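Some notes on this model follow. Please read them alongside the coordinates.

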Amino acid sequence: MKRVKGFYLFIMIVVSLCFALSIMAQEKKETEGVYTIKKGDTLWDISAKFFKDPFLWPKLWQRNPYITNPHWIYPGNPVRLSVIEEIKKEEPKKVVEEKPKEVEVKQEVVPVVVEVKKVEPPPVVEKKPEVVVEKKPVEEKRVHPEIRSAGFIAGFDYKGIGTVLDNKEGKNLMAEGDVLYLSFKTAERISIGNKYTIFKASDIIRDPVTDKKIGRKYNIAGNIEIIDQFGNFYTAKVLEAFEAINKGDMIQPYSKEKMEIEAKR
């Protein structure tokens, strides 16, 4: 009986030791910048745990290229938390080609006899006066200026309906073709394929007579199109940029009349 009890006690000690070693291995991986996905995890939760900010989940997607769809991550797979350092490739040594030595070739000089003929002067031809035709000035066509990026005037605290959070490449300045991450604060439905306009705050507008502040000017930075959704966050592509787009720039509904009709004039 004592042997049976001793055997069960040995089994319990081995199981406890394995469990402790697995926890220590997991903690070691986390300190090394790698986290193993557990059941029920999302990039949002992992970002909140390690970055203390769930809105930074796109950074995890960027640092783990094997995750093709951020909506689907699987238990047991690793997630790299730190940035992968790029290994610099050694440039191949330049091979200096030796130029072939020039061989001097001696040529014999043969005297040439040139026969000189007497050239008669050409006959004199009377020039007729040229008729000058006056050219009428061509009327210049007036080109309508581009006003899509002219901006608009609104209240001092106009925030629009959304904000630019970040971009897939981690750039500070974004332009046409870049992929952005957005968040919206509106009751309206946001659908894939919808277009929106990005804008940013500019100068304060004053009354020219009283010099009182009457509003603020907002510059239009570009237009985007929604291409994907992840919970309350969205992915969009920059269709056109009138100036550099930054993190924190605001979003408002797309004006088809202003952006498309004016462009056709």
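1. In the protein chain, 61% of the contacts with a separation of 6 or more join residues 24 or more positions apart. Contact means heavy atoms within 4.5 Å.

2. Basis. This is a predicted model, where local features need pLDDT of at least 70, side-chain atom pairs count only at pLDDT 80 or more, and totals for chains, interfaces and linings use all residues. Numbering starts from 1 along each chain as its sequence is written, and side-chain values use heavy atoms, with hydrogens and water left out.

3. Elements. The protein chain has 4 helices and 9 strands. Their order from the N terminus is α-β-α-α-β-β-β-β-β-β-β-β-α. Helices (H or I, at least four residues) and strands (E, at least two) are DSSP runs, numbered from the N terminus.

4. Burial. Of the 265 residues in the protein chain, 25% are buried. Buried means under 20% relative accessible area (1.4 Å probe, protein chains only).

5. Largest core. The largest nonpolar core holds 17 residues; Leu180, Leu182, Phe184, Tyr196, Ile224 and Ile226 touch the most other members. β5 (179–184), β6 (195–206), β7 (213–230) and β8 (233–241) each supply at least two residues of this core. A nonpolar core is a set of buried Ala, Val, Leu, Ile, Met, Phe, Trp, Tyr and Cys residues joined through side-chain atoms within 4.5 Å.

6. Second core. A separate core of 14 residues includes Leu43, Ile67, Leu81 and Phe233.

7. Gly33. Gly33 sits in the loop between α1 (2–31) and β1 (34–36). Its relative accessible area is 8%, so Gly33 is buried. Beyond neighbours within four places in sequence, Gly33 contacts Val79, Arg80, Leu81 and Ser82. The C-alpha atoms of Gly33 and Ser82 are 5.4 Å apart.

Terms used:
Buried means under 20% relative accessible area, exposed over 50%, partly exposed in between (1.4 Å probe, protein chains only).
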